[in-house]
Amino acid sequence: MEQSATLNIENLKITQEQFILASQSLHLQRPGCEAVYPVGLYGWRKRCLYFFLLLLLVTMIVNLALTVWIIKVMNFSTDGMGNLQLNQDSLHLEGVGEFQMPLYVSEIQSRRDSLLVLRSEKNVTLNARNHQGQLTGQLTVGPEGVEAQCQRLEVRSRDGGRLLFSADEEEVTMTTEKFTVTGSEGAVFGHSVETPLIQAPTSEDLRLESPTRTLTMEAPRGVEVSAATGTLKISSRKDLQLEATEGEILLDADSIRLENLPLGLYAASAGEPFRKQAVYEVCVCPSGKTYLSPAESVSTCQAMSSICLWS
């Protein structure tokens with residue numbers, strides 16, 4: 001019993017010594033305390049940060065106020081902006097619109113109860129282009145006139161069915177029932193005019209004149225010149241020629257007057273005119289010249305034919 005007790009005490013001492021040695025080996029020497037640096041912004045850096053945050057807040061408030069003011073002034077809504085409404089396939093503008101740059105549209109239409117007015121300080125130009133961007137038609141309204149550039153210009157009636165006026169490189173066509181010229185100097189045509197009727201207005205005179213050249217009227221079936229209730233006057237400075245190649249010239253009237261016809265002369269004395277009298281006969285020279293000869297019981301044209309020598 002004593003031996004066993006002695007062994008237990010020795011074992012216990014050995015265990016304590018091992019614990020002490022183990023604890024001493026695990027004990028580490030701590031280093032000295034290092035400097036502690038504070039984390040954060042202090043001093044002038046903190047003040048600058050607060051200043052920039054305040055400036056950003058003020059800028060946001062000003063931008064928000066300006067946005068609200070612009071929305072209120074421009075009258076923005078879900079349908080558009082003020083008098084400008086954006087639809088699915090169109091744009092509707094109420095009032096006056098000003099465009100600083102070219103406007104590309106396929107159709108411009110006014111309201112049913114108002115006019116469509118296009119205004120510009122210089123000119124208004126309408127251009128039409130094809131799918132390749134090439135210019136096919138142009139209409140320019142400027143201070144000096146209206147200019148249209150296209151292959152063919154057409155003017156139609158109100159319903160768009162009847163053609164009233166057309167013009168191209170070859171001809172100009174008027175299909176209206178009446179074409180009226182109200183200018184004091186009339187109408188001036190540089191070349192020929194083809195029309196079925198030339199008529200003056202009521203109580204007005206009709207005058208056809210060529211100041212420096214020839215006036216020609218032609219028709220395959222005939223030319224009719226008539227004055228229903230007035231006088232028809234044809235005057236010429238030099239010669240007036242009536243010619244019928246295959247027909248006759250008919251003068252049908254209650255009275256036919258040939259004024260200022262020359263008086264025939266005696267064949268014997270060409271310098272002494274015949275005595276004056278009230279009745280004369282009309283004589284015609286072989287050249288077609290007409291002259292007067294005193295009327296007697298027999299024709300005196302042969303005696304007075306010396307005037308034909310001067311024709």
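Student: Hi! Which residues make up the largest nonpolar core here?
Tutor: Hello! This is a predicted model, and its largest nonpolar core has six residues. They are Cys-283, Cys-285, Tyr-291, Cys-301, Ile-307 and Cys-308.

Student: Okay, and what does Cys-301 touch, skipping residues up to four places away in sequence?
Tutor: Cys-301 touches Glu-281, Val-282, Cys-283, Tyr-291 and Ser-293. Among those, Cys-283 and Tyr-291 are also members of the largest nonpolar core.

Student: How much of the protein chain is buried, then?
Tutor: Buried residues account for 7% of the 311 residues in the protein chain.

Student: Let's switch to secondary structure. How many helices and strands are there?
Tutor: The protein chain has two helices and 11 strands. Starting from the N terminus, the order of elements is α-α-β-β-β-β-β-β-β-β-β-β-β.

Student: Where does Leu-292 sit in all that?
Tutor: Leu-292 belongs to strand β11, which covers residues 290–294.

Student: What is Leu-292 in contact with, if I ignore its neighbours within four places in sequence?
Tutor: Its contacts are Leu-261, Pro-262, Leu-263, Gly-264, Tyr-280, Glu-281 and Val-282. Take Pro-262 as an example: along the chain, Pro-262 and Leu-292 are 30 residues apart, yet their C-alpha atoms are separated by 6.2 Å.

Student: What share of contacts in the whole chain join residues at least 24 apart?
Tutor: If you count contacts between residues at least 6 apart in sequence, 13% join residues at least 24 apart.

Student: New topic: pockets. How much space is in the second largest pocket?
Tutor: The second largest pocket holds about 2,100 Å³ of space.

Student: What lines the second largest pocket?
Tutor: Its lining has 40 residues, and Phe-99, Leu-103, Ile-108, Leu-116 and Leu-118 lie nearest the centre. Sorted by class, the lining has 17 nonpolar, 14 polar and nine charged residues.

Student: Which strand gives the largest share of that lining?
Tutor: That would be β4, with six residues. Both β3 (91–93) and β4 (124–129) supply at least two residues each to the lining of the second largest pocket.

Student: Now Asn-260. Where is it, and what is its phi near?
Tutor: Asn-260 lies in the loop between β9 (172–174) and β10 (280–284). The phi of Asn-260 is near 60°, a positive value in a residue other than glycine. For context, most residues other than glycine have a negative phi.

Student: Is Asn-260 buried or exposed?
Tutor: Asn-260 counts as exposed because its relative accessible area is 77%, and the cut-off for exposed is over 50%.

Student: What about Lys-233: where is it, and is it buried or exposed?
Tutor: Lys-233 is in the loop between β9 and β10. Lys-233 has 73% relative accessibility, so it counts as exposed.

Student: Last one! Where is Leu-197, and is it buried or exposed?
Tutor: You'll find Leu-197 in the loop between β9 and β10. Leu-197 is exposed, since its relative accessible area is 57%. Leu-197 and Glu-224 are 27 residues apart in sequence, and C-alpha to C-alpha they are 9.6 Å apart in space.

How values were computed:
Residues are numbered from 1 along each chain as its sequence is written. This is a predicted model: local features need pLDDT of at least 70, side-chain atom pairs count only at pLDDT 80 or more; totals for chains, interfaces and linings use all residues. Side-chain values use heavy atoms; hydrogens and water are left out. A nonpolar core is a set of buried Ala, Val, Leu, Ile, Met, Phe, Trp, Tyr and Cys residues joined through side-chain atoms within 4.5 Å. Buried means under 20% relative accessible area, exposed over 50%, partly exposed in between (1.4 Å probe, protein chains only). Contact means heavy atoms within 4.5 Å. Helices (H or I, at least four residues) and strands (E, at least two) are DSSP runs, numbered from the N terminus. On a 1 Å grid over the protein atoms alone, a cavity is a set of points where a 1.4 Å probe fits but cannot get out, and a pocket is an open set with protein on both sides within 12 Å along at least five of seven lines; lining residues have an atom within 4 Å of a point. Grid points are joined across faces, edges and corners, and a volume is the space filled by probe spheres set on the points. Ala, Val, Leu, Ile, Met, Phe, Trp, Tyr, Cys and Pro count as nonpolar, Asp, Glu, Lys and Arg as charged, and the others, Gly among them, as polar.
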